[in-house]
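Dear colleague,

Please find the structure below, handed over for your use. My findings follow it.

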Amino acid sequence: MPKGYWIAHVDVADPEKYKDYVAANAEAFAKYGGRFLVRGGQFACVEGANRARNVVIEFASYAQAQACWDSPEYQRALALRKPVSTADVIIVEGYDGPQPA
C-alpha cells in the first residue's frame, strides 16, 4: 500500500504565535504516525511560485494522512495556524510503482 503525504508551502506572518501551532500539531502527528521528511530548511524554487516554508509529512497510508487532517486534534491545531499564516496544503498518495531504469 502506498504511503500518504502532506505537502505544505507556508508563509508565516507571526513566528511567535506560530510556535503555538507547532506545539499543538504534535498530538495529531503522534496519533496518526506523521513523520516529517521536510520541515523548513534551505530550498531553491526552480519553477513556479513558492512560499517561505516547505513541509513534507509522511504517513503510513493516504487514509492515515486524510484521517490526521480530519481529526479533532489537528483541527484544533489548525485553528491556531490559520490566523498567523497563509498556506497551500495538499494530501497526496505516494507512488509505489516502477522507477526509471
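The model is predicted, so local features need pLDDT of at least 70 and side-chain atom pairs count only at pLDDT 80 or more, while totals for chains, interfaces and linings use all residues. Residues are numbered from 1 along each chain as its sequence is written, and side-chain values use heavy atoms, with hydrogens and water left out.

Helix H1 covers residues 15–32; helices (H or I, at least four residues) and strands (E, at least two) are DSSP runs numbered from the N terminus. Glycine 33, with a positive phi near 75°, follows H1.

There are 7 salt bridges, each defined as a side-chain nitrogen of Lys or Arg within 4 Å of a carboxyl oxygen of Asp or Glu. One of them pairs aspartate 11 with arginine 51, the closest N and O atoms being 2.9 Å apart. Aspartate 11 belongs to strand E1 and arginine 51 to the loop between E2 and E3, so this pair ties together parts 40 residues apart in sequence. Arginine 51 is buried, at 18% relative accessible area (buried is under 20%, exposed over 50%, partly exposed in between; 1.4 Å probe, protein chains only).

Lysine 31 forms a salt bridge with glutamate 73 at 2.7 Å between the closest N and O atoms. Lysine 31 is exposed at 52%, whereas glutamate 73 is buried at 11%.

Yours sincerely

Terms used. The expected span of a helix is 1.5 Å times one less than its number of residues.
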